[in-house]
Amino acid sequence: MANSKYEYVKSFEVEDEIMLPIIIVVHIDNRDFSRFSEVHEFVKPNDKRALELMNECAKAVLEQFPDIIFSYGFCDEYSFVFKKQTKFYHRRASKILSLIISYFSTIYVTKWKELFPQTEMRFPPSFQSRVISCASMEVLQSYLAWRQRDCHLSNQYNTCLWELIRNGKSETEAQEILKGTQKQEKNELLYQGFNINYKEQETIFRQGTCILKTEVQHIVKYKQDGSPVQRLRMKAIKVHSKNIASRSFWNDYLCLCRELGHFEEDANKIKPEYVKSFLHVSKLMPSTWIVIRIDGCHFHRFSDVHEFEKPNDARALNLMNSCAVSVLEEFKDIVFSYGVSDEYSFVLKKESQLYQRRSSEIVSAVVSLFSSMYTMKWKEFFPQKELKHPPYFDGRAVCYPTSEILLDYLAWRQVDCHINNQYNTCFWMLVKSGKSKSEAQNYLKGTQAQEKHELLTRLSGIIDYYNTLPLMFRQGSSVFWDKQEEEEIANQGKDAVGKCYKVVVDHCNIIEKSFWEAHPEILGEKFNGNFSSGSYGSLRRITCCDCKVSKLARSNNLSLPEQPATNFL
């Protein structure tokens, strides 16, 4: 990130490192699974395809992240257990949970067609996650036993519920019949009422699924005589067990004992309240602006593999912008967002109570939805390119106490956009002129902004070339709800005139206070003092919150200063 006078805002970022030797568990679950399952007509009480899709996603996560050694899931949730000594992203909770849930969300969309070839995904899946810190193997054992008990209890209840509904009871009547019943009573209801032996139900429904890593022999090459050369390698496998927290199950897989430790004794009585005492909830400071910043992970490699245009690919940037629009439409507490390259910052209003201001849930929900949308919308922006490997993002939440500091944060990001874009434009123009990448780097080392301007003019043959580049490249993208008055909008094939709030994607100077003066409703404040009297406008994508119409609109009577503001540099 570039140096500027706004860099002081980095001091508000709080590290959330999980200290050794605490065992890290990431728990994820679907944000609105009831609605998602209804819309996509999942079989009740269990859809085996949906469960296998979750299992495939979990397996992909273990294969992608070597430090995850074990996972357990059922219904719409999964728990991932890291090696005890993991240094994965230096044990920062927000980065760990956001990367896992982002990758999981992307894989869910990617593999959907494999499990549901006849069903179109109608809206993006979105998950939330949190980090559970297990202080000892005893806590981990209790946690796993607790989750498997929940699997059994919820599946038994749902099996009874849906059998009653299928036999004529309303959902309310079925719930009333099951109220207060014990496990044995439910078993008897299933057997006597519906001739179902619960113990003969499929294990994937009753016991959940474990994905774990174990050592297997792998052929790496063949000798001249044709005999194989084998090496031990870690492979993710799927297993089912009626007691994943037992010593016997754990001892069957030596890698678990080696990377995590042994269970001293079987967990006989499960006390959820004991486990819950370790589930600390980190809440963000009240009455502060919350910023969720997400960044692409390994996006240099991702852009190379997918042959993005250098230094800027307008399709890739517009894909990011489209995802940001979807996030704003989903989370109404987000009042503004700013994006450049492979990052986006989302600003939640000061009084927001989204997820009761629980950091992990806010971060994971935003990152998950953004990741799902990126994968779903890929073909819209890259119709001729296959998605060769899944994109994923990390995220974090930062609180800013005043509007002034928040605006300095956004200014910092726009300064970064300008400096990096100017450098990258020079770099790639030098490379395209015949220099190697190392020669281009050495040539640009220590150069100032004016020197880069002159270099671009000389190489391109166009006076003031840098300022002819699209505003999206030079100033990034701002996405926010904007009140449009007396505008004609298409509504069910008819023209209508009215007022509504719409999500606007604009490419403007957000460092100058005149932007915020022109849009006081974004921060909910009126600005005092003398500000520069500039008006801002450009090509904007508009989405109406009521009529759901999306179109392009240009404010022809507005103009943007072509020269970057002096405080850009």
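Student: Hi! Where is Asp333 found?

Tutor: Hello! Asp333 sits in the loop between H13 and strand E8 (334-340). Keep in mind that this is a predicted model.

Student: Is Asp333 buried or exposed there?

Tutor: Asp333 counts as buried, because its relative accessibility is 18% and the cut-off for buried is under 20%.

Student: Okay, and which residues is Asp333 in contact with, leaving aside its neighbours within four places in sequence?

Tutor: With those neighbours set aside, Asp333 contacts Val347, Leu348, Lys349, Ser352, Gln353 and Leu354.

Student: Let's zoom out. How many helices and strands are there in the protein?

Tutor: The protein has 20 helices and 14 strands. Of its 569 residues, 54% are buried.

Student: And what share of the contacts comes from residues 24 or more positions apart?

Tutor: Counting contacts with a separation of 6 or more, 72% are between residues 24 or more positions apart.

Student: You mentioned H13. At what angle do H13 and H14 cross?

Tutor: First, a bit of background: two packed helices are described by the angle between their axes and the distance between the axes. Here the axes of H13 (residues 314-330) and H14 (residues 359-381) cross at roughly 135 degrees and come within 9 Å. That angle makes H13 oblique to H14. The crossing of H13 past H14 is right-handed.

Student: Which residues in H13 and H14 meet?

Tutor: On the H13 side, they include Leu319, Met320, Cys323 and Val327. On the H14 side, they include Leu369, Phe370, Met373 and Trp378. Sorted by class, the contact of H13 with H14 has twelve nonpolar, three polar and three charged residues.

Student: What about H5 and H6, how do they pack?

Tutor: Helix H5 (residues 137-166) packs with helix H6 (residues 171-178) at an angle of about 135 degrees, and their axes are 9 Å apart. These two helices are therefore oblique to each other, and their crossing is right-handed.

Student: Which residues meet in that one?

Tutor: Tyr157, Cys160, Leu161, Leu164 and Ile165 in H5 meet Glu171, Ala174, Gln175, Ile177 and Leu178 in H6. By class, eight residues in this contact of H5 with H6 are nonpolar, one is polar and one is charged.

Student: New topic: how many aromatic pairs does the structure hold?

Tutor: There are 49 aromatic pairs in the structure. One of them joins Trp112 and Phe116, which are stacked at 4.3 Å centre to centre, with 15 degrees between the planes. Both Trp112 and Phe116 are buried.

Student: How is the pair of Trp250 and Phe263 arranged, then?

Tutor: Trp250 and Phe263 form a tilted pair, with 4.5 Å from centre to centre and 35 degrees between the planes. This pair links distant parts of the chain: Trp250 is in helix H9 (residues 247-251), and Phe263 is in the loop between H10 (254-259) and H11 (272-276), 13 residues apart. Trp250 counts as buried at 0% relative accessibility, and Phe263 counts as buried at 4%.

Definitions and conventions:
Residues numbered from 1 in each chain as written. Predicted model: local features only at pLDDT ≥ 70, side-chain atom pairs only at ≥ 80, totals over all residues. Heavy atoms only, no water. Axes fitted to C-alpha atoms, helices over the stretch in contact; angles between N-to-C directions. Helix = DSSP H or I, 4+ residues; strand = E, 2+ residues; numbered from the N terminus. Parallel < 35°, antiparallel > 145°, perpendicular 65-115°, else oblique. Left-handed = near helix turned anticlockwise from the far one by under 90°. Contact = heavy atoms within 4.5 Å. Nonpolar A, V, L, I, M, F, W, Y, C, P; charged D, E, K, R; others polar. Phe/Tyr/Trp six-rings, centres within 6.5 Å; stacked < 30°, edge-to-face > 60°. Buried < 20%, exposed > 50% of the residue type's maximum accessible area, 1.4 Å probe, protein only.
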